[in-house]
Amino acid sequence: MIQDRFFSRYILSVVTITFATFCCFAPLGNLNAQVQTPSRADILRGEYGPLRANNDLLYYHLDIRVDPVEKSLKGKNTIRFRMLKEATQIQLDLYEHLAIDKIVWQGKDLMYKREMNAVFIEFPESLPNASEQQIEFFYSGKPKSQGRFGGIAFQTDPAGRPWITTACEGEGSSFWWPSKDQWRDEVESMDISIAVPNDLMDVSNGRFINKVDLRDGYTQWNYRVNYPINSYNVSINVGKYTQFGEKLGDLTMDYYCLPEDLERARNQFAQTRPMMEAFLHYFGEYPFVKDGYKLIQVPYTGMEHQSAVTYGNGFRNGYGGRDWTGVGVSPKFDFIIIHESGHEWFGNAVSAADVSDMWVQEGWTTYLECLYVEKIFGYDDALRYTNGYQAKVANSSPIITERGLHQTPHQDMYFKGALFLHTLRNVMNDDAKWWSLVRETYDTFKYKNILTEEMIELFNKRFGSDLTPIFNQYLRHKSLPKLELNFDESKKEVAYRWVADEADFAMPVRVGSRDAWQTITPTREWQTMATTLSKNQFEVATDLYYIQVTKSPVSQ
Ligand SMILES: [Zn+2]
């Protein structure tokens with residue numbers, strides 16, 4: 001699927017590139033590096049250029065053999081697409097460390113040119129606008145693991161058996177298979193056929209179809225994905241898995257773990273069903289019912305692979321056994337199960353169209369953790385859990401990065417993103433309306449790839465006011481809005497205003513005393529209100545709005 005609205009790319013004289021960890025599993029830190037101009041590699045990777053935009057992906061069939069001894073891959077991806085413009089060339093992607101064996105179209109081998117990780121494919125004749133085309137892209141080689149989760153990692157489990165997993169959100173799908181490696185365009189469906197030695201199993205995205213004994217020591221595991229899927233979500237999990245499962249209405253929920261961990265997995269994964277019920281309470285449905293839900297043990301922390309969520313939290317609550325937001329709430333549940341599964345709604349069903357807007361994946365999913373806590377443990381825990389995230393926010397760079405350069409945003413997109421949504425709930429100050437907007441956001445954008453502007457448009461309609469300056473302040477500037485309060489106790493009044501980067505920033509906020517909040521709407525201009533409260537008694541609902549507050553005069 002393709003979404004064209006609002007897309008543009010800006011070239012910058014100075015670009016800040018942030019290396020954060022991706023998705024899931026809580027980021028551990030990030031580095032900031034300054035580069036003068038986007039490199040050719042940045043543009044090849046990140047730009048939705050004319051040779052990507054001239055076609056719309058329809059379908060992939062990834063059909064490969066995985067050799068655990070050689071640590072190699074060999075096979076092909078059949079790629080079907082519709083031309084959106086007449087052209088003789090398209091851009092696909094495959095990392096340089098893998099060989100292209102051939103690319104076939106209508107029985108003919110095609111010419112191609114490789115430039116870094118991009119592959120420019122030449123057709124012998126012009127492909128007409130609106131025509132459907134299919135190519136077979138054959139490749140092979142030994143991918144070199146890199147990044148925090150390896151991209152693709154050939155490892156062994158504690159018993160010494162092969163354990164091969166992929167997690168390539170940062171590296172990109174072309175790290176291990178030929179694909180159109182970007183976020184804007186998704187295939188509408190996909191088949192995945194993975195051949196592995198007979199004593200191993202592959203678990204991939206989608207509905208398990210069958211396994212076929214290839215009679216050469218390998219068995220092919222076939223899965224069908226019935227929905228649009230981000231290419232970075234496509235995954236293999238090859239190991240000596242044992243499986244158990246349950247059903248929730250029509251939804252199949254299947255669990256895969258190492259045989260030695262079966263009992264621990266049964267105990268820990270019992271959290272999945274109530275979690276699913278909590279998310280169904282908010283969203284009404286699981287987005288990928290035809291494909292089912294799977295939770296699969298892996299040797300890294302976890303990743304939201306669509307309908308095949310991976311799990312490596314050690315069968316412990318919290319995050320790796322730690323109290324993740326430090327307020328005593330996360331030890332009550334398994335952070336990785338909840339966070340990674342939450343991505344099924346935001347990240348997988350509702351997806352960002354550019355890495356720049358990855359807060360759609362991570363800010364929303366972090367907020368879904370808070371919704372889960374509210375449903376299961378109650379409002380007070382949710383409020384504490386949500387505000388526990390304040391300590392993790394740096395406010396050192398904007399959450400939305402420049403488009404078209406595949407720049408992963410700062411990790412604030414997780415925590416500040418969630419706190420921003422929590423703030424909007426309190427700006428709305430009508431929970432029934434808020435829950436219906438949360439649901440509508442999912443319903444409106446599911447199976448689509450969107451940019452923040454589209455979400456703002458929906459929110460503006462439902463709030464009945466222009467929230468653009470509020471979205472911009474939280475997402476496109478680094479600083480929090482600051483509420484300045486200036487007390488004149490002799491006159492029994494307080495002057496107030498926002499200090500914010502956005503000229504039209506005006507956000508209501510509750511102030512006064514906790515048992516009788518008054519809602520004021522400061523702007524960047526000073527206003528005054530009468531109050532009988534002293535400077536010290538006068539409170540601001542900083543647990544409902546993620547803001548900064550200063551009170552003056554200091555000496556009073
Ligand atoms: Zn995540």
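Good morning. The model under discussion is a predicted one.

That bridge belongs to the contact of β27, residues 509–513, with β28, an antiparallel pairing over 5 bridges. The sheet around it is open and consists of 3 strands in the order β28-β27-β30, with antiparallel pairing. Strands β28 (516–520) and β30 (539–540) are at its edges; each has a single partner strand, so one side of each is without a neighbour in the sheet.

I turn to another open sheet. It has 4 strands, ordered β11-β12-β17-β14, and the pairing is antiparallel. Its edge strands, β11 (151–156) and β14 (201–204), each pair on one side only. On average, neighbouring strands of this sheet are turned by 15° against each other, direction ignored. Between β11 and β12, the latter covering residues 162–167, there are 6 bridges in the antiparallel sense. Here Gly-151 is placed opposite Ala-167 of β12.

Finally, the helices. Two packed helices are described by the angle between their axes and the distance between the axes. For α4 (residues 272–283) and α5 (residues 335–342), the angle is about 40° and the axes are 11 Å apart. The crossing of α4 past α5 is right-handed.

Which residues of α4 and α5 meet? From α4 they are Thr-272, Met-275 and Phe-279; from α5, Ile-337, Ile-338, Ser-341 and Gly-342. Of the residues in this contact, 4 are nonpolar, 3 are polar and none is charged. Thank you.

Conventions
Residues are numbered from 1 along each chain as its sequence is written. This is a predicted model: local features need pLDDT of at least 70, side-chain atom pairs count only at pLDDT 80 or more; totals for chains, interfaces and linings use all residues. Two strands pair if DSSP finds at least two bridges between them. Helices (H or I, at least four residues) and strands (E, at least two) are DSSP runs, numbered from the N terminus. Axes are lines fitted to C-alpha atoms, for helices over the stretch in contact, and angles run from 0 to 180 degrees between N-to-C directions. A crossing is left-handed if the near helix is turned anticlockwise from the far one by less than a right angle, and right-handed if clockwise. Two residues are in contact if their C-beta atoms, placed from the backbone, lie within 7 Å. Ala, Val, Leu, Ile, Met, Phe, Trp, Tyr, Cys and Pro count as nonpolar, Asp, Glu, Lys and Arg as charged, and the others, Gly among them, as polar.
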